[in-house]
Amino acid sequence: MELYTMRYVLAVAEHEKFSLAAQACHVGQPALSQQISRLEKELGISLFTRNSRGAVLTEAGREFVLRAREIVQRADALQAEMALFAGLRRGTLNLGIITSLQCIDFGGLLSAFCGSFPEISVNIVQDGTHRLLEMLVERKLDAAFLNRPMSGLPAGVDFIRLGEDVYSLAVPALHPLAKRGLVSLKELSGEHFIFHQTGQVASELCLAACREAGFEPNIVCRSASPTTGLYMVQGGLGVALLPSEEFQARRLDRVVELKLKERIVKEVGVVRRKDTVSPLVDTMVRFAAEWAGQRTYMNISTSLGQ
């Protein structure tokens, strides 16, 4: 049983088509199919049910994929560790990210990381916090940059806090509250809200804050993108609870940011599995923590200078 054959099986499990798996593995489809068939014959079981639409894992196949992911990741970690002994840092990191990471300047962080470690390649997967945590537990990701969920973290996962998003209220410039500067959530019970998507941590936090203020928000629209939410406010569709970082990144005409008396705070950090033994993951997590620490110091220094 070869590692490359395990990678072929994992690719088919992910893409559910032999043709797409072959493209992802940069190998011809006949060769990939032949190797998997040979493995199935060797094991005496079928890993996939083939049909005209693609390939679906059998019960045995699901168990094989679960174990194979762990074996392949440990093999990659071993290779990376041996590279460190040779004075090299090379390999591939599979990172998950959420949409809004302005508070830690993730773009700058990743650019600086890749500049410092040019031999490490990075594969980015973007999704919501809960789905990224699932992928981390399933060993489809090495680490993920996301929000701390209100429901808590899965067992076996570490969260390293890097920053936070403090929420403000976005209102159209002609809104009766626009000149207030500071408002209470209790004043917003009659408003039309543009909300985050169901299942996003931001949605859970804002919904809990509204309920704590004594009302159920009248949600007229949902969007996974804070930027899209801002544009909807600009168009007059309603008001939106958004990270204050979003207002700094995109200042739109006819949109006013109002501070909230009640603090809605979303913690942002990087997560990893506790059983991960990988110098590449260690390097990324350590770099991210140092980056966040430097940004905090710079922000404090700027505030004191003002």
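Predicted model: local features only at pLDDT ≥ 70, side-chain atom pairs only at ≥ 80, totals over all residues.
View A. Leaving aside neighbours within four places in sequence, threonine 227 is in contact with Glu246 and Arg250. The threonine belongs to helix α8, which spans residues 226–234. A polar contact links its side chain to that of glutamate 246, at 2.7 Å. Threonine 227 has 17% relative accessibility, so it counts as buried. The cut-off for buried is under 20%.

View B. A disulfide is a covalent bond between the sulfur atoms of two cysteines. The rule applied here asks for two cysteine sulfur atoms within 2.5 Å. By this rule the model has zero disulfides. Cysteine 206 counts as buried because its relative accessibility is 1%. Cysteine 221 is also buried, with a relative accessible area of 19%.

**View C. Arginine 139, a residue with positive phi.** Phi of arginine 139 is positive, about 65 degrees, although the residue is not a glycine. Arginine 139 sits in the loop between α6 (129–137) and β5 (143–147).

**View D. Arginine 254, with positive phi in a loop.** Here phi is near 70 degrees, again a positive value in a residue other than glycine. Arginine 254 is placed in the loop between α9 (244–249) and β11 (255–260). Its relative accessible area is 54%, so arginine 254 is exposed. The cut-off for exposed is over 50%.

**View E. A nonpolar surface patch of Met1, Leu43 and Ile45.** Together these three residues have about 240 Å² of accessible area. Isoleucine 45 lies in the loop between α3 (29–43) and β1 (48–51). With 35% relative accessibility, isoleucine 45 counts as partly exposed. The patch rule asks for over 30% relative accessible area, so isoleucine 45 passes that cut-off at 35%.

Note on methods
Residues numbered from 1 in each chain as written. Heavy atoms only, no water. Patch = residues over 30% accessible without salt bridge, like charges linked within 9 Å, V, L, I, M, F, W, Y side chains within 5 Å. Areas by Shrake-Rupley, 256 points an atom, 1.4 Å probe, with all protein chains shown as cover. Salt bridge = Lys/Arg side-chain N within 4 Å of Asp/Glu carboxyl O. Helix = DSSP H or I, 4+ residues; strand = E, 2+ residues; numbered from the N terminus. Buried < 20%, exposed > 50% of the residue type's maximum accessible area, 1.4 Å probe, protein only. Polar contact = N/O pair within 3.5 Å; in protein donor to acceptor, adjacent residues only side chain to side chain. Contact = heavy atoms within 4.5 Å.
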